[in-house]
Amino acid sequence: MKAYDLMIIGPATRDLNIDYTGAEDRSTGGAVTFCTPAAVAAGAKVFAAVKIAPEDGDIIDGFHMEAGDIALLPSEKTTLMKNVYFTPDRERRNASCPAQSGPILPEEIPEVPCKLYHLAGLLYGDFPNELIEALHEKGMVSADAQGFLRHNENGSLCFHDWKDKLKYLPYMDFLKTDAAEAEILTGLTDRMEAAKQLYAWGAKEVLISHNTEMLAYDGRELLTCPVKARNLSGRTGRGDTTFGAYLAMRMIGAGMGEALRYATACVSLKMETPGVFRGSRADVEDYIRTFYAE
């Protein structure tokens with residue numbers, strides 16, 4: 001049986017995006033959708049476990065993966081997201097959720113050998129606590145904090161602190177947040193101090209995304225790397241692309257600094273084109289030589 005470096009687990013979405021001019025586009029979204037191709041491009045062996053309604057199986061085709069490397073986890077509904085962006089850089093938006101997929105249960109996780117299980121969540125309720133505990137028994141665990149902070153309240157999306165954070169942060173070998181989520185979790189506006197607090201609460205390695213830079217902390221080193229995208233037409237999926245690339249690099253043996261630089265270069269390149277990352281590792285390495293030469 002094929003062994004994998006990481007399994008990326010989460011709901012995919014049907015998205016309606018409306019930009020600041022009022023132009024609309026419909027696409028497939030979700031953290032699993034953006035994480036997976038970035039991780040694959042980095043050279044990791046990746047398995048994707050995607051929660052959607054079976055009638056939306058065309059979403060699986062869009063991953064462009066071998067059939068043995070991806071699984072559809074059936075749900076009564078596919079998550080539907082609506083994003084209205086107010087500025088050209090897409091930093092200000094209103095997001096709503098007309099429908100949410102069901103929770104992912106421990107018994108749904110495919111039995112394949114895997115080093116790291118990444119919870120690529122969108123909304124509170126995607127991952128029940130028993131799933132975190134079950135995956136912790138199987139191997140390493142990582143998570144996007146969004147899946148524990150963002151609540152779907154009758155279609156409106158509201159952020160609340162994770163009430164179980166002190167119990168489950170120690171289960172996290174890697175934790176990703178953005179700057180706003182880090183503040184919700186810690187009460188700290190300084191990203192460096194927030195990373196240190198999340199580590200003190202038990203997360204072993206923390207990555208915090210921001211529109212200007214990416215930050216990583218493991219209790220010994222605190223590193224940052226600047227975002228150098230030349231335009232932001234592909235802003236959607238920034239944090240997910242970063243973390244997919246970062247986890248892949250860490251799982252195939254890169255140190256924290258190398259992984260952070262590669263992931264930041266990958267997302268900088270990705271943000272110059274709408275959609276998921278469709279480049280190669282060679283493309284990212286060329287970008288590094290051009291824009292990150294020391």
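A crossing of two helices is left-handed if the near helix is turned anticlockwise from the far one by less than a right angle, and right-handed if clockwise. In this sense, helix 1 passes helix 8 in a right-handed crossing. The contact (heavy atoms within 4.5 Å) involves Ala-31, Phe-34, Cys-35, Ala-38, Ala-39 and Ala-42 of helix 1, together with Asp-240, Thr-241, Gly-244, Ala-245, Ala-248 and Met-249 of helix 8.

The model is predicted, with local features requiring pLDDT of at least 70 and side-chain atom pairs counting only at pLDDT 80 or more, while totals for chains, interfaces and linings use all residues. Residues are numbered from 1 along each chain as its sequence is written, and side-chain values use heavy atoms, with hydrogens and water left out. Helices (H or I, at least four residues) and strands (E, at least two) are DSSP runs numbered from the N terminus.

**Helix 1 and its surroundings**

Helix 1 spans residues 31-42 and has 12 residues. From its first C-alpha to its last it reaches 17 Å, close to the 16 Å expected at 1.5 Å a residue; the expected span is 1.5 Å times one less than the number of residues. Among the buried residues are Phe-34, Cys-35 and Pro-37. Gly-43 follows helix 1 and has a positive phi, near 110°.

**Helix pairs**

The table lists two helix pairs by their axes, which are lines fitted to C-alpha atoms over the stretch in contact, with angles from 0 to 180 degrees between N-to-C directions.

| Pair | Axes come within | Crossing angle |
|---|---|---|
| Helix 1 and helix 8 (residues 238-251) | 7 Å | roughly 40° |
| Helix 6 (residues 179-186) and helix 7 (residues 191-200) | 10 Å | roughly 55° |

The angle between helix 1 and helix 8 makes the former oblique to the latter. Angles under 35 degrees count as roughly parallel, over 145 as roughly antiparallel, 65 to 115 as roughly perpendicular and the rest as oblique. Helix 6 and helix 7 are likewise oblique to each other, and helix 6 passes helix 7 in a left-handed crossing. On the side of helix 6, Ala-179, Ala-182, Leu-185 and Thr-186 meet Arg-191, Ala-194, Gln-197 and Leu-198 in helix 7.

**Cysteines**

The whole structure contains 0 disulfides, a disulfide being a pair of cysteine sulfur atoms within 2.5 Å. For Cys-97, the closest cysteine sulfur is that of Cys-158, and the 11 Å between them is too far for a bond. Cys-97 is buried, with a relative accessible area of 2%, whereas Cys-158 counts as partly exposed at 24% relative accessibility.

**Two loop residues**

Asp-56 lies in the loop between strand 4 (46-52) and helix 2 (58-61). Asp-56 is buried, with a relative accessible area of 15%. Apart from its neighbours within four places in sequence, Asp-56 contacts Arg-14 and Thr-78.

Ala-229 occupies the loop between strand 15 (222-226) and helix 8. At 22% relative accessibility, Ala-229 counts as partly exposed. With neighbours within four places in sequence again left aside, Ala-229 is in contact with Ser-268, Met-271, Glu-272 and Tyr-287. The C-alpha atom of Ala-229 is separated by 37 Å from that of Asn-129, 100 residues apart along the chain.

Notes: Buried < 20%, exposed > 50% of the residue type's maximum accessible area, 1.4 Å probe, protein only.
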